[in-house]
Amino acid sequence: LPIGSLAFRTNLLSAFATVFAAILIYVLVIRSLPSTSESIYAGLISAFAFGLSPLVWSQSVITEVYALHALFVIVILFLASDHAISYFPRKRLDVLIGLAFGLGMGNHITTILLFPILIFPTFFHFDSVPSAAKWRLDTRSIFRRLFWAGIGLLAYLSLPLRALSQPKVNWGNPVTLDGFLWLVSGKLYQEQFFGLTVDLGVSRMRAAAGILIEQFGIVGLVIGLIGLLVFYKPSRLYINTIWTISIFTFFAIGYSTIDSYMYLIPAFSCFAIWIGFGVSGLMDMFHQRFRKFESGISLVVILFLFLQAGNHWASVDASKDMRAEQFGKDVLLQAPANAIIFAKGDKAIFTMWYFHYALQGRPDLVVIATDLLHFDWYQKSLHTNYPQLNLPGAYPFASTVVAANPQHPVCYVEYIQRSEISCKP
């Protein structure tokens with residue numbers, strides 16, 4: 001199917017990002033532990049815990065930013081770890097971590113929450129461990145990191161360049177400075193930050209804890225906490241993972257949108273690392289007391305993770321989910337000739353955009369996202385896409401658009417629990 005082939009090509013980036021992130025987690029864990037067979041088991045368990053967690057898995061099979069976001073977070077943690085200097089000279093390390101931070105910001109603006117990890121080593125000199133840190137501002141290092149972060153941020157230049165080509169969905173129309181700042185700053189969503197009541201905040205904290213248990217199970221939760229609380233060692237990786245979990249959890253709880261739990265993925269990435277540390281510490285204890293059962297711990301945990309994955313298979317397997325495809329086909333089939341389609345809600349809007357613009361279905365139709373009509377940039381896109389359409393006033397409503405275009409039949413479509421399609425002559 002055309003929809004399947006296009007989706008497959010675009011989903012490959014999410015899948016590869018998750019695989020590379022899992023590999024980096026493996027390397028991070030084994031490099032942070034003594035070089036033994038225990039560290040290999042611990043690294044594998046951390047990688048599997050990350051890649052098989054249902055939230056990460058679900059984002060690895062769709063076209064979204066969160067899998068790539070997780071990869072950039074892990075790359076930054078890897079480059080900021082104690083052992084990164086053994087891979088790269090210090091100057092090159094500054095270049096790489098700055099570039100990774102800038103590119104991460106270009107993918108998702110919440111990468112800025114890792115800014116302390118970027119600049120902290122430039123303010124303190126570590127003799128061996130963070131507890132022995134000494135104040136010393138390395139101006140050259142901080143300049144290199146910030147400079148290359150700026151180079152990475154040049155990814156945002158693709159926005160006005162692409163906007164100049166008049167794409168069908170020209171979000172924010174970032175060819176002007178106001179439109180560019182509106183888009184890259186996420187101004188549309190800023191009012192969603194930390195507008196929670198106390199009761200709602202408590203309920204979101206409980207929900208976050210429930211999602212954590214869903215990712216790793218009670219066994220993974222306990223082992224991860226053991227890895228943090230029992231086997232904690234003063235290192236950059238421990239400090240950076242504690243910061244990452246804390247700040248992204250705080251952001252996810254305080255960001256009052258229905259999908260804010262997606263911002264827990266960086267936190268879960270770090271928790272998977274703690275699980276590896278917990279397994280390594282437990283194996284070391286058993287090595288000293290019950291040598292025969294040493295590797296049994298890791299095998300049991302790996303088996304548990306795969307059993308968890310089997311239980312979650314149905315919820316993350318999107319291969320048989322045809323709701324969007326069926327909805328799009330139904331709308332195109334039922335819509336009268338030359339109809340105006342008013343799509344309401346993300347599911348209906350994105351489906352209609354995909355079928356109408358990407359697959360070029362029913363070119364006679366006019367597809368309007370009802371929720372976006374009040375934006376001037378969206379009105380300009382409509383004028384470009386449908387020059388024959390009349391848009392009355394500065395803030396048109398669906399009803400005023402209908403009245404201004406009496407020659408067009410009208411359909412109102414929405415998808416909540418099922419398809420809702422209502423067409424009028």
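Me: In this predicted model, axes are lines fitted to C-alpha atoms, for helices over the stretch in contact, and angles run from 0 to 180 degrees between N-to-C directions; with that convention, what is the angle at which helix α4 and helix α11 pack?

Reply: Helix α4 covers residues 66-79 and helix α11 covers residues 236-254, and the two pack with their axes 11 Å apart. Angles over 145 degrees count as roughly antiparallel, and α4 is therefore roughly antiparallel to α11. The angle between them is about 150°.

Me: Is the crossing of α4 past α11 left-handed or right-handed, and which residues of α11 make the contact?

Reply: α4 passes α11 in a right-handed crossing. From α4, the contact is made by His69, Val73 and Leu77, and by class the contact has 3 nonpolar, 4 polar and no charged residues. On the side of α11, the residues are Asn240, Thr241, Thr244 and Phe248.

Me: Which strands stand at the edges of the open sheet of 4 strands?

Reply: The sheet has mixed pairing and the order β4-β3-β5-β6, and its neighbouring strands are turned by 20° against each other on average, direction ignored. Each edge strand has a single partner strand, so one side of each is left without a neighbour in the sheet. The strands at the edges are β4 (366-369) and β6 (419-424).

Me: In which sense do strand β3 and β4 pair, and which helix packs on the sheet?

Reply: Strand β3 (residues 340-344) and β4 pair over 4 bridges in the parallel sense, with Ile341 standing opposite Val367 in β4. The helix packing on the sheet touches β3, β4 and β5 (410-415), and its direction makes about 150° with that of β4. This helix, residues 346-358, is α15.

Conventions: Residues are numbered from 1 along each chain as its sequence is written. This is a predicted model: local features need pLDDT of at least 70, side-chain atom pairs count only at pLDDT 80 or more; totals for chains, interfaces and linings use all residues. Side-chain values use heavy atoms; hydrogens and water are left out. Angles under 35 degrees count as roughly parallel, over 145 as roughly antiparallel, 65 to 115 as roughly perpendicular and the rest as oblique. A crossing is left-handed if the near helix is turned anticlockwise from the far one by less than a right angle, and right-handed if clockwise. Contact means heavy atoms within 4.5 Å. Ala, Val, Leu, Ile, Met, Phe, Trp, Tyr, Cys and Pro count as nonpolar, Asp, Glu, Lys and Arg as charged, and the others, Gly among them, as polar. Two strands pair if DSSP finds at least two bridges between them.
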